[in-house]
Amino acid sequence: SELIEAVLRKHCLTNQLAATQELGAEGIDLSYRLTLRDPSRRGELESDLRNLASVERVSVFAHDDESEV
């Protein structure tokens with residue numbers, strides 16, 4: 001979604017769609033590999049994504065300088 005991409009551009013130096021999974025009528029599960037502009041502001045990224053109407057659930061897993069959403 002363009003809205004998701006806009007949030008990722010705001011918070012990330014790089015973002016790459018790592019995986020997608022069709023969930024039937026429930027929608028699509030998207031997984032991204034990210035390099036955050038400021039890792040200490042990870043909570044703002046989560047909050048901005050949760051505020052999007054098209055996003056139901058957000059999980060962030062940190063791996064050194066990268067995060068996966």
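Predicted model: local features only at pLDDT ≥ 70, side-chain atom pairs only at ≥ 80, totals over all residues.
Glu46 belongs to helix 2. When neighbours within four places in sequence are set aside, the residues in contact with Glu46 are Val58 and Val60.

The protein as a whole contains two helices and four strands, and these elements follow the order α-β-β-α-β-β from the N terminus. The radius of gyration is 12 Å, close to the 11 Å given by the globule rule for 69 residues, so the protein is as compact as a globular protein of that length. The C-alpha trace extends over about 35 × 20 × 20 Å along its principal axes. Buried residues make up 26% of the 69 residues. Among contacts with a separation of 6 or more, 46% join residues 24 or more positions apart. The accessible surface amounts to about 5000 Å², and carbon and sulfur atoms contribute 45% of this area.

Helix 1 spans residues 2-11, and its buried residues are Ile4, Val7, Leu8 and His11. Viewed down the helix axis, these buried residues fall within an arc of 100 degrees, so they line one face of helix 1. The elements covering them include strand 1 (12-22), strand 2 (28-36) and helix 2 (42-50). On the face turned away from the buried side, helix 1 carries the exposed residues Glu2 and Lys10. The N-terminal end of helix 1 is capped by Ser1, of which a side-chain oxygen lies 3.2 Å from the backbone nitrogen of Leu3.

Conventions:
Residues numbered from 1 in each chain as written. Heavy atoms only, no water. Buried < 20%, exposed > 50% of the residue type's maximum accessible area, 1.4 Å probe, protein only. Arc of directions from axis to C-beta. Contact = heavy atoms within 4.5 Å. Polar contact = N/O pair within 3.5 Å; in protein donor to acceptor, adjacent residues only side chain to side chain. Rg over C-alpha atoms; globule rule 2.2 N^0.38 Å. Areas by Shrake-Rupley, 256 points an atom, 1.4 Å probe, with all protein chains shown as cover.
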